[in-house]
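Biologist: Please show me the model, and let us then discuss it by question and answer.

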Amino acid sequence: MQFTNFDAAAFLRDYWQKRPLLIRNPWQSWRNPLSPDELAGLACEDHVESRLITQSSDDWNAEHGPLPETRFGELDKSPWTLLVQAVDQHVADVAALIEPFRFIPNWRIDDVMVSYASDGGGVGPHFDHYDVFLVQGLGQRRWQIGGMCNDQTPLRSHEDLLLLAEFEALDEWILNPGDMLYIPPGIAHNGVAVGPDCMTYSIGFRSPSRKELIGSWCDDLLPQMTDDDRYCDPDLVTQANPGEIPAKAIDRLHAMVTEKLTDRKEFAKWFGEYSSTPRYPETDWRPEEPIEADHLRELLTADHPLIRNPASRFSFVREEQGKLMLFVDGECFPCAGETAEMAEMVCAQDAFVIDPEWRQSDEVVALIAELYNRGSLSFDWG
C-alpha cells in the first residue's frame, strides 16, 4: 500500500512531535489487510501478546492472552475491545502497512498493534509516550483529542490500564475506513467504536527515555568491567580536613565513570544492537535446514528475490568511508566495500535481487547466508 498526495517533508516539518493531524484516506486504494476472525485467532496463540478489554459502566477490565477460543462467544452486549500486539510480525499484509512510513527511520518503528471493538468499545482516555498513526481498517471510530500530558498527570487507580483521571476533549473526529490520525507523544486521546466491526491499526514508534538508555547502556557495560579497575591515588598528600572529599578526587572518580559512558563508537555499536533486538525473541524464525554458500550462490545467480522477515529489524551506522556496522536482530555485522553497499540496500528495501557483481563476493554471500540461517532473510518463492 502507498500514499497519494502525502507530503512527508511537510508533515515532518509541521506536525511530527508537534500537533495531531487528521488525514482523510491518503491511500491509493485502501483494503483492510486482516479479518476480525484472523485477529481473534492470533489472540488465542501462545506466542502472541494480546489483551481483551471489557467495559462495565465507567469501569474497564483487562484480560491478558492467550485467550481461549470460547471466550469470544461468552461476551455479552457490553462494549469490549481486543488488542493484539506486533501483528506485522505474523501477517505479511499487515507488515506492508509500515512501508509508506519509511520516511521515518527504521530504528524508530516499533510495531503494528491491531484492535477490534464492538459498538462503544475502547480502552478509555489515555496518552502514550510515543508517536502513533491510527489507521481505520473497518467500521468507524470516534477519536477525541485532549491536551498535553506527562508523568505528573493524574491517573485512575487501575492495575492494568493507564487511564486518565480527567479528560476534556478539545477536538473530535469520526474516522472511516482508510482514514488516518497522527497523535504525537503526550497528547491525551480517547477512541470509541461507532457501530459494529470496528478495526484500527496502530503504527507505533519507539522513543527511548533517558532513563531507559542510561540503565540499559550501563547494564551492558558492567559485564565488561573487572574489580581490578579501581580508584587509585599514589600522589596522595595530607590535607587540612580529613573529612573533605577534594576536587581532585572527585575529578578522578567522575572520569572513571564518564570515560566509559562517553565512548561514542562503543555506544553506537551498543545502541544498534539494542534497538534492533526483537521484541519477542522467543520466536524462532530459523529455516529447518541451513543453507550452504554454494547453494545460496546458485539461487542468487538464478535471480530469486530475497525478502526481509517482517519480524526482523535492520539498521546500520556508517563509519569511515566505505565501512559500516549492520545491525540485524540484536547482532552487529561489520561491513566494508561491496558488503557495505549490499547492507545499505537490505536496510532500504524489503524485497530485492542481489546485484550480479555482488554474487561473486565471498563476503557478500557469507553475510546473506548468515542472515538467511538466522531467519532474518528468506527467498520469495511467490
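This is a predicted model: local features need pLDDT of at least 70, side-chain atom pairs count only at pLDDT 80 or more; totals for chains, interfaces and linings use all residues.

Modeller: Residues are numbered from 1 along each chain as its sequence is written, and side-chain values use heavy atoms, with hydrogens and water left out.

Biologist: How many aromatic pairs does the rule count?

Modeller: Rings of Phe, Tyr and Trp (its six-membered ring) pair if their centres lie within 6.5 Å; planes under 30 degrees apart count as stacked, over 60 as edge-to-face and the rest as tilted. By this rule the number of aromatic pairs is 29.

Biologist: What kind of aromatic pair do F6 and F103 form?

Modeller: The ring centres of F6 and F103 are 5.7 Å apart. Their planes stand at 45° to each other, and the pair is therefore classed by the rule as tilted.

Biologist: How many residues apart in sequence are the parts that the pair of F6 and F103 ties together?

Modeller: Helices (H or I, at least four residues) and strands (E, at least two) are DSSP runs, numbered from the N terminus. F6 lies in the segment before α1 (8-14), whereas F103 lies in the loop between α3 (92-95) and β5 (109-117). The pair therefore ties together parts whose separation in sequence is 97 residues.

Biologist: Is F11, which pairs with Y15, buried or exposed?

Modeller: F11 and Y15 form a stacked pair, with 6.3 Å from centre to centre and 15° between the planes. Buried means under 20% relative accessible area, exposed over 50%, and partly exposed in between (1.4 Å probe, protein chains only). Because its relative accessibility is 2%, F11 counts as buried.

Biologist: What is the relative accessible area of E341, a member of the patch of negative charge?

Modeller: E338, E341, D355, E357 and E363 gather in this surface patch. E341 belongs to helix α8 (residues 338-348). E341 is partly exposed, at a relative accessible area of 46%.

Biologist: How far apart in space are G41 and P68, C-alpha to C-alpha?

Modeller: G41 is in helix α2 (residues 36-43). G41 and P68 are 27 residues apart in sequence, and their C-alpha to C-alpha distance is 9.6 Å.

How values were computed:
Patches are made of residues with over 30% relative accessible area and no salt bridge: like charges are joined within 9 Å, nonpolar side chains (Val, Leu, Ile, Met, Phe, Trp, Tyr) within 5 Å. Accessible areas come from the Shrake-Rupley method with a 1.4 Å probe; for residues, only the protein chains shown count as cover. A salt bridge is a side-chain nitrogen of Lys or Arg within 4 Å of a carboxyl oxygen of Asp or Glu. Lys and Arg count as positive and Asp and Glu as negative; His and the chain ends are not counted. The place of a charge is taken as NZ of Lys, CZ of Arg, CG of Asp or CD of Glu.
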